[in-house]
Amino acid sequence: MTSTSLTPQSAIRQQAAVSRFTAEYRQDTPVVAVPRPRLSWVTATDSRDWQQTRAELRITRAGAVESTVCEGPESVLVEWPFGAISAGEQVDVEVRVTGNDGGTTEWSGPLTLVGGWLGGPWQAQAIGLPAPAGDVPLGQPGQLRHEFTVGEGLAKATLFATAHGVYQAEINGTEVDDQVLKPGWTAYADRLSHETTDVTALLTPGANAIGIWLAGGWFTEKYGFHGFAKPFYGEQPAVKVELLLEYLDGWRETVASGQGWRATTGGPLVSSGIYAGEAHDARRAEAGWSAAGFDDAHWLPAPLTEGDWAEATPAIAPPVRRIEELSVVEVLTTPSGATVLDFGQNLVGRLRIRVSGEAGRTITLRHAEVLEDGELSLRPLRQAAATDSYTLAGNGQEEWEPRFTFHGFRYAQVDNWPGGLDPAAITAVVIHNDMRRTGWFECSEPLLNRLHENALWGMRGNFLALPTDCPQRDERLGWTGDIQVFSPTASYLYDSLGFLGSWLQDLALEQGHRNGVVPIIVPSVLGMLESPVAAWGDAATVVPWVLFERFGDTGLLRRQYASMRDWADALLKVRDGSGLWQGQMQLGDWLDPAAPPDKPGAARTHGDIVASAYLFRSLDLVARAAAVLDNDDDHGTYAALAEETRQAFLAEYVTPAGRMVSDAQTAYSLALMFGISTGPVQRQALGDRLAELARLGGYRIATGFVGTPLIADALTATGHLEAAERLLTQTECPSWLYPVTQGATTIWERWDSILEDGSVNPGEMTSFNHYALGAIADWMHRTVAGLAPAAPGYRKLRIAPRPLRSLQHASTSHETPYGLARVAWKHDGDRILVDATVPPGTTAEVSLPDGSAEFVVGSGRHRWDVPAAAAAPEPGAVSLHSPLADIMDDPAAYAAAWQAMEAHDPAGATAFRKDTVWYRQTTLDQSLIFTQPAVKADIAAALAALSTKRSARTTENS
């Protein structure tokens with residue numbers, strides 16, 4: 001091994017500097033949600049092996065400066081060292097650090113923080129919209145307004161608002177921020193979020209006005225399947241608004257929603273729904289409605305609404321925003337003559353149109369993820385109309401974008417457009433929570449790059465207000481199982497700590513109503529499966545632990561610990577006398593490809609095995625969390641309970657020879673990756689059988705939601721990297737790359753959401769944007785490229801690339817809490833070059849692909865040059881008498897055999913590829929017992945030709 005420490009080309013070493021200084025959890029606003037926000041900073045320096053030895057923090061508040069010294073290396077989520085920030089108070093905090101090289105940075109730029117909560121109870125009353133004549137449409141949208149006077153000497157104006165529904169505020173004709181779908185979706189009965197917005201610049205002395213757009217959003221949506229959908233929270237939206245005016249002389253005044261506000265449902269927002277879409281009639285728009293002096297005599301008094309409102313607290317998740325815009329890639333004319341726009345990417349958002357035409361013309365926009373028979377495929381949307389409409393005012397060029405809805409789509413059908421359609425007049429607007437991107441991956445195989453990009457887009461589309469399962473059909477719910485398996489990938493790709501931390505608060509609140517049982521969706525709106533469900537409810541233990549591992553957030557772990565323990569205790573109540581979780585209905589290894597379209601839970605791995613494995617997993621994680629939190633009593637109790645379950649699992653489900661009762665890939669992966677099997681001999685036997693099962697199945701995927709995130713790790717951990725590689729690079733269905741070869745730009749819900757004949761899967765559930773199966777991206781980061789945390793929050797990194805034979809290079813980078821880390825490797829002849837960047841303040845344990853002993857390095861740039869693995873031996877001669885296993889493990893021979901068959905019988909070749917079990921003790925000839933002699937002869941000839949070519953090559957090389 002050759003090792004090189006890389007230094008900057010510049011001869012002058014740059015001085016260390018604080019490059020990033022933040023407070024938990026949001027960085028898009030100075031507003032903080034707690035009086036004592038934890039602080040984090042990143043130091044940039046060229047000094048090698050750099051470690052912080054001390055940090056100085058100083059705060060400026062009301063003109064006074066106070067400072068303190070924090071000895072030691074801590075720089076991530078450091079406890080607030082000053083007096084608490086009060087409501088509305090603004091402070092400036094700075095930091096400078098000293099390193100083990102003796103240097104001290106300059107003071108950072110000031111981090112401005114503002115206490116983002118009201119100083120007391122809400123003065124605002126909840127107000128809604130007047131009921132229109134006749135039947136009241138569910139979630140009828142509308143507008144509210146109020147005029148008020150601002151005196152001279154205004155120093156600061158702060159707007160607080162929340163809603164049962166979704167809203168946007170305008171002051172004097174200007175929207176107060178660029179957020180959409182505020183305040184998001186929380187467990188409304190228990191928790192509401194509010195935004196805190198500085199609107200000082202929008203106010204002037206004298207008459208002013210505030211206007212509110214309001215719609216039902218998630219609050220008035222109907223939830224449920226198979227025609228049984230119904231409202232869950234309420235039938236009409238309402239809003240609370242409070243504007244705090246602070247003057248230079250100390251006077252404070254509050255403008256609050258309540259008596260005297262006016263409202264209308266006769267404005268341009270005709271209807272709005274998350275699933276249905278939005279209708280807008282521009283002829284009904286009233287200019288100046290949110291400005292002072294507007295004549296609102298025809299508006300009605302805004303009614304006060306009844307019902308309890310949960311306490312509204314400052315949002316900790318970054319808000320939903322317009323993140324990106326995509327142009328039309330192609331304009332299509334369907335067989336029916338419709339005009340369909342292809343944006344080239346399955347996305348989540350809505351369309352913005354620019355159009356001119358006569359008054360009263362209504363343009364309709366319908367959305368879908370895929371085409372079928374050349375037309376929009378609408379069946380997968382189920383009861384979601386996903387249709388927007390715009391009626392023109394007829395006053396020249398008009399621009400419109402829906403306000404309170406979103407769709408999952410790649411294609412949009414445009415009906416009744418006036419004149420010729422210029423594709424530049426329609427733009428797709430991508431929306432999701434505005435998280436900071438932190439993870440990247442790239443390699444020499446374009447299909448794998450697209451797979452990774454699909455996982456990224458799947459996360460973007462489903463991290464909208466909460467972690468949803470899909471963004472397009474009549475669902476879009478916070479399924480706990482999906483995020484449980486995807487949370488490691490999510491934590492790498494984006495800074496999702498605040499987003500998932502907010503959702504976990506709702507999980508704990510919903511759990512509190514169910515004696516510790518976690519519902520299968522959060523917020524819980526379906527009223528189904530109220531008993532514990534393995535792998536879904538375990539989000540209560542897994543997600544907090546993942547966030548602790550990836551972000552080092554002990555505070556979040558402490559906050560969620562009661563929820564973790566309550567879930568474990570709920571499972572102990574259903575644990576049987578043997579120490580296992582058995583005999584209950586489970587979702588199990590959901591969407592195992594062997595499951596029929598109408599029975600997605602009918603997996604090869606028995607549900608009891610999945611349940612008992614997760615019972616151990618959650619007990620074990622509670623024990624680990626208790627240890628981190630210095631709760632010795634709980635640690636001992638739950639560690640002992642976990643050990644009881646582990647031993648019971650092995651006794652019940654694993655034979656002495658290392659076979660599992662469910663001889664299925666998910667079962668083996670669970671036993672290996674959850675640490676249930678610990679003995680080296682048994683683990684190897686389980687891993688060997690897992691690899692054999694992968695080959696027996698032709699290296700096609702045979703796992704569902706539970707097993708898919710685990711199988712590549714399980715194979716790698718037991719010495720079967722090549723089997724994991726074959727699974728990853730497989731393009732036949734089912735596989736990770738099959739959807740990519742079919743043009744997928746997001747992760748599908750089913751392995752075969754589009755069948756090989758091009759038709760859409762007939763199952764009731766068919767989504768083309770589900771991130772769960774994209775959890776393989778985490779293995780690509782950690783193993784293929786080789787970057788992972790070795791200590792919570794990446795305080796220590798693990799650099800352990802495992803180059804795949806089919807790749808020439810791979811790289812990954814991740815913005816850790818300490819700065820950017822990167823690992824890249826490439827083949828260079830018979831050598832592998834590994835480059836790594838270790839952030840200041842961290843170390844890394846290094847395991848190079850040549851198998852040399854592990855070692856530890858400090859921060860800085862490093863390069864290693866190691867021998868590549870010996871080339872795979874040249875396959876030998878093959879024939880009809882070769883074992884099936886040898887044919888499958890010889891891709892060229894496998895291709896020669898099925899291609900020769902396909903020339904005669906395409907259907908037979910397909911069956912051969914899908915149905916053959918690739919045994920070691922069965923020959924190819926024996927498996928072709930019912931094959932026509934002419935076909936067998938051609939297969940034999942193809943294999944003979946391949947063998948001849950190999951022989952000639954061997955002769956040349958010798």
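**Close-up 1. Lining of the largest cavity.** The largest cavity is lined by 21 residues, and Thr 22, Ser 40, Arg 436, Asp 495 and Pro 817 lie nearest its centre. The elements giving two or more residues to this lining are β2 (17-23), β4 (39-44) and β39 (809-816). By class, the lining of the largest cavity divides into nine nonpolar, six polar and six charged residues. Nonpolar covers Ala, Val, Leu, Ile, Met, Phe, Trp, Tyr, Cys and Pro; charged covers Asp, Glu, Lys and Arg; the others, Gly among them, count as polar. The largest cavity holds about 310 Å³ of space. The structure has seven cavities of 30 Å³ or more. A cavity is a set of points, on a 1 Å grid over the protein atoms alone, where a 1.4 Å probe fits but cannot get out; lining residues have an atom within 4 Å of a point. Volume is the space filled by probe spheres set on the points, with grid points joined across faces, edges and corners.

This is a predicted model: local features need pLDDT of at least 70, side-chain atom pairs count only at pLDDT 80 or more, and totals for chains, interfaces and linings use all residues. Residues are numbered from 1 along each chain as its sequence is written, and side-chain values use heavy atoms, leaving out hydrogens and water.

**Close-up 2. The second largest cavity.** Its volume is about 260 Å³. Of the 26 residues lining the second largest cavity, Pro 183, Gly 184, Ala 317, Asn 433 and Ala 465 are the closest to its centre. β13 (192-198), β36 (466-467) and α3 (497-512) each supply at least two lining residues. The largest share, four residues, comes from α3. The lining has 15 nonpolar, seven polar and four charged residues.

**Close-up 3. Helix α8 and its cover.** Eight of the nine residues of α8 (665-673) are buried, so the helix is largely enclosed by the rest of the structure. Buried means under 20% relative accessible area (1.4 Å probe, protein chains only). Helices (H or I, at least four residues) and strands (E, at least two) are DSSP runs, numbered from the N terminus. Among the buried residues of α8 are Gln 665, Tyr 668 and Leu 672. Their cover includes α6 (607-628), α7 (632-653), α9 (680-696) and α10 (708-717). Gly 675 follows α8, with a positive phi near 75 degrees.

**Close-up 4. Strand β8 and its partners.** Four of the five residues of β8 (111-115) are buried. β3 (31-32) pairs with β8 in the parallel sense over two bridges, and Val 31 has Val 114 as its bridge partner. β7 (90-99) pairs with β8 in the antiparallel sense over four bridges; here Leu 111 is the bridge partner of Val 93. Pairing requires at least two DSSP bridges between the strands.

Notes: Buried < 20%, exposed > 50% of the residue type's maximum accessible area, 1.4 Å probe, protein only. 1 Å grid on protein atoms, 1.4 Å probe; cavity = no way out; pocket = protein on both sides within 12 Å on 5 of 7 lines; lining within 4 Å. Contact = heavy atoms within 4.5 Å.
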